[in-house]
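Please look over the sequence and the structure before reading on.

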Amino acid sequence: MIFNLRNSIILFSLMIIILMGSLTIYSVTSIDINYFLRFLLINIFVILLVVLLFNQINLNRIFSFGWLLFLFNILLVLSVEIFGKEINGSKRWLDFGFLSLQPSEFMKITYAIFAIQYLRFYSFKFSKFRTIFLLLVLFLSAVPIIAQPDLGTGLVYIFLGLMFLFICGMHRLYFISMGIFGVLLSPLIYSFGLTSYQKGRIVSWFSSDQTLSEKWNILQSEISIGSGGFSGEGFLNSKQNEFNFLPEADTDFIFSIYAEQFGFIGVFLILLSLGCFIVMTTLLTMTEKRLTSDLSPYYIGTYCTLVIGFSFLLNILMVSGMIPVVGLPLPFFTKGGSSLLCFSIMLGLIFTSRGFLK
Amino acid sequence: MKDNKIHIYRTRTKFLLGVFVSILTLVIVRFFYLQIVQGNELRELREQNINAFEYIYPKRGRIISSDGIVLAEDRKVFSLATDIEQKPSEQSIKKLADLFSEKIIVEDLRVKVGSSIRYRRSEIVIEKLTQEDLAKYLVSGADITGFSVIEGYERQYNSHPSIFHVLGHMGYINNSDIKYFSPRISKYNSKLWSKVGKSGLERVYEEKLQGEHGKRFFQRNARGDRRVITDISPFREGEDLSISIDFEAQKLAYELMNERKGSVVVIDLQDFSIPVAISTPSISANDLRDISSLQYQDLLNDPARPLFNRAFMGLYPPASTIKPLLTIFALNNGYTNWDETIFDDGFFRFEEEERVFNAWREGGHGLTDLEKALVESSNPFFMNLSIRYEKNLFVEFLKSSSFGSKLCEDCYPHQFSPLIDDDWKYKNFGKELYKGDFINLGVGQGYMLTTPLHLSLISGILAKKGEYELPYLVAKKQNKLSITEDITEEDWNRLQSSLVDVIYSPNGTGYRINAGELKLAGKSGTAQVVDINSREEYDEVRVNPLLRDHAIFIGYAPHDDPRYSIAVIVENGESGGRVAGPIAKKVLEELLNDF
């Protein structure tokens, strides 16, 4: 392991995020200190395990399983329809007893690995056919996710998939034309493609009627955030959580509880850590001296870093009322096995791609 | 080729990093705005979320009679209600329904529990638990969960029916109550009150009696099923109300009426307070509290009208009892003097209209002067006077005797005796008052109507030689009043001694009262219920009890130093002297023996 200043800062930022995430989950779900320790240990254990595991495996081996992993993932998503358990009106989870997994969470990884395996064969040359093929696979594989129904995860999956293709060098004309096409098609999608529940979320975001339940959630979230003030109410002192005013406090809206407890200082600390981690990791990967002809490790490393970064920002934009409510997890904060596992794998991929632990 | 790919990769990654950093900056600005700029506002909202309070209903003040009897008070009652912090199990619901099978059925209980859970509020399932109920519930308490005993108050009245009309009753607040109280009570918040005074003193003194709500502060969660009490500010009990009613005399008066319809009103002439005001028949004030609307309709439709307060609302022709008051008017304006005589043959002939009016005594009183006309109650004498009355002076005089104005500020509901003037007649008959009207008015018949309260006050005016005040039950409102006419002291003395003669002279219409030691002065009257034009009709009328004349008596005692004035009306009682008079005597004896 190379311990220099930059790597230390990256590791330190990451540790802050993981520690704060565990503390916040503990403050939301339980008042038992053992529970917190167990949670922190599980988090660190899973992260380390996955990172070390990936470190042992040659990335090329993983890439060579790309289409298999991707296919397996799609099958898991489809099997949710049959074996899945329903929570809040949508089937997203597979229950394995000791943990429940949301297979759609992993699609953003497996698609990237699949695309790498496919493109690497053609030395990352985007022909028309390959481009359209990859786009088709992306859009079609999003269908079962959206059908769960989980529009948020589906859209984010497409968005991240496109980001991956963007990093890999797909011609910008496709992005421009897709952008125009998307804007033109959006009224049609809104009218025919969305359920009333999904429409409600979008309508409520634009509405100023505070009595709508969606709006109420956002209001309660903003109240939590604002109540934190500059220095916060202190650890374990979230009244919005204590009196159950914030729904989904342990999952989607966990950052509001964090903001209430630790205030603007705490929020700034987390965002600073996130910024350090994402920017430094990306810059270091990008400016690597030994860039070889095979760019795939850099593509996947950069991609995973940015996925963590954008996931984080999207969730925070959502809880602070700047985008409509979509059920997006907050990396290393949200309570949930699949989210933790997914982001741990990404960390593993990031570190392995950089040969960080070698 | 390779360099180009690296270039594209680096450019695009930089672009994405740029987007990331921009959004990150935006998020920091957003959180700065929420936490620093809007922080206090949002924290205020959070406190509103969490901190709530509920009102604690206050205990209403008591009503106490002048002889120290508690006539109305709030008593503690216990009710069983659902507990919002704990959902009752199906088993508990069944057990509770079994336990109180005579009070509630299991289906109703389920409905109430359901709505309690739905609206997250405590629902009363059994009202007013008796001591036995309470014991039964507490014994099996461990098996029944999800319910709790809550305390409340219930108005309890002295059950004697004599007091109902004065006290009035309570009922659930409605729009007309809100309209009534809003201008009378400062900062009246109708939402806080469930039961309010509907009539009587309960209504007039609502503000004094009602007290002030306490507050129970608590923190509650979003679903409202968990609360932590943080502070309690206790309610302020309503003030007690001491009223002028002498309950012993009040009860006696009611019993003396012996189920007959009518009213007795006594005024204490020292301060013009009202020690006795009864209306018969009546009910117990407690009866009105828990009856169904059907039973209430029955009471409203009862021909004897037990809910109608005759004392302050009933309008009766004063008949002969108005004569002493009109004597003052006639003497002062020179319409007559103590020496003028007429020959009373039992009729009065009004020549202008060629009409003949019958008097009550067959054959008449013979040669009659003013004194004899008062003592023996001669109608022709006063009819003869009344055709001389000047209209405007007459109306002014009646006005100064409180016709057409409110008599008592704290009597509710209250009706004033109509002032019979041109306006009144225009409104009711489309014509002006003419001479013939005065013949009837002069003997307290025709259009003239007075309430028992007003008659008692007129008696007081006679006793106090024209100086009087407005009567009251709790608080004096207005200062001294007097009638417009001013006769000499000698005239007053002769008038008052005539009223003594009414009782003590063997010719007097009140001689049969046998007033004895009481030193009673007074005047009897017999008010015609229907217009009678011949003696034959009169005999017919006597057969139907509902068409019989009302017996009226007004008086005061002791006559040498008047302390109380009284008015007694017995509907269809026929003879004021024989029927109403003895009641007045016994009530006044009771009051004067107190001292």
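## The five-stranded sheet of chain B

In this predicted model, chain B contains an open sheet of 5 strands, arranged in the order β12-β11-β21-β20-β19 with antiparallel pairing. The edges are taken by β12 (273-280) and β19 (521-527) of chain B; each has a single partner strand, so one side of each is left without a neighbour in the sheet. From one strand to the next, the twist averages 5°. Strands of a sheet pair through backbone hydrogen bonds, in either a parallel or an antiparallel manner.

One pairing can be followed in detail. Strand β11 (residues 262-268) of chain B is joined to β12(B) in the antiparallel sense over 6 bridges. Within this pairing, B:S263 has B:S279 of β12(B) as its bridge partner. A helix also packs on the sheet: α20 (residues 452-463) of chain B touches β11, β20 (550-557) and β21 (564-570) of chain B. The direction of α20(B) makes about 145° with that of β21(B).

β1(B) pairs with strand β8 (residues 214-220) of chain B in the antiparallel sense, over 6 bridges, and B:F53 has B:F217 in β8(B) as its bridge partner.

A hairpin is formed by β14(B) and β15(B). Strand β14 (residues 347-350) of chain B and strand β15 (residues 355-358) of chain B run antiparallel and are joined by 4 bridges. In β15(B), the residue B:F357 is the bridge partner of B:F348. The hairpin has 4 residues between its strands, and B:E354 takes a positive phi near 50°.

## Domains of chain B

Chain B is divided into two parts: domain 1 (2-37) and domain 2 (247-293 + 305-593). How far apart do the C-alpha centres of domain 1 and domain 2 of chain B lie? The separation of these centres is 101 Å.

In chain A, helix α4 (residues 66-83) and helix α5 (residues 107-121) have axes that come within 7 Å and cross at roughly 150°. α4(A) and α5(A) are therefore roughly antiparallel to each other. The crossing in which α4(A) passes α5(A) is left-handed. From α4(A), the contact includes A:W67, A:F70 and A:V77, while the residues from α5(A) include A:Y111, A:F114 and A:Q117. The residues of this contact divide into 9 nonpolar, 4 polar and no charged.

α5(A) also packs with helix α6 (residues 128-146) of chain A, at an angle of about 160° and with the axes 12 Å apart. That angle makes α5(A) roughly antiparallel to α6(A). The crossing of α5(A) past α6(A) is right-handed. On the α5(A) side, A:M107, A:Y111, A:A115 and A:Y118 meet A:L134, A:L138, A:S141 and A:I145 in α6(A). By class, this contact has 7 nonpolar residues, 1 polar residue and no charged residues.

## Helix packing in chain A: α7 and α13

The axes of α7(A) and α13(A) come within 10 Å and cross at roughly 145°, in a right-handed crossing. Among the residues of α7(A) in this contact are A:L160, A:M163 and A:F164, and among those of α13(A) are A:Y303, A:L306 and A:V307. The contact of α7(A) with α13(A) has 11 nonpolar residues, 1 polar residue and no charged residues.

## Where the two chains meet

How many residues does each chain bring to the contact? Chain A provides 42 residues and chain B provides 36 residues. On the side of chain A that touches chain B, at least two residues each are supplied by α7 (151-168), α10 (213-228), α11 (239-242), α12 (254-286) and α13 (296-319) of chain A. The largest share of that side, 11 residues, comes from α12(A). By class, the side of chain A that touches chain B has 26 nonpolar, 14 polar and 2 charged residues.

Key: Residues are numbered from 1 along each chain as its sequence is written. Chains are lettered from A and ligands numbered from 1 in the order in which they are written. This is a predicted model: local features need pLDDT of at least 70, side-chain atom pairs count only at pLDDT 80 or more; totals for chains, interfaces and linings use all residues. Two residues are in contact if their C-beta atoms, placed from the backbone, lie within 7 Å. Ala, Val, Leu, Ile, Met, Phe, Trp, Tyr, Cys and Pro count as nonpolar, Asp, Glu, Lys and Arg as charged, and the others, Gly among them, as polar. Axes are lines fitted to C-alpha atoms, for helices over the stretch in contact, and angles run from 0 to 180 degrees between N-to-C directions. Angles under 35 degrees count as roughly parallel, over 145 as roughly antiparallel, 65 to 115 as roughly perpendicular and the rest as oblique. A crossing is left-handed if the near helix is turned anticlockwise from the far one by less than a right angle, and right-handed if clockwise. Domain bounds come from an automatic or database domain assignment. Two strands pair if DSSP finds at least two bridges between them.
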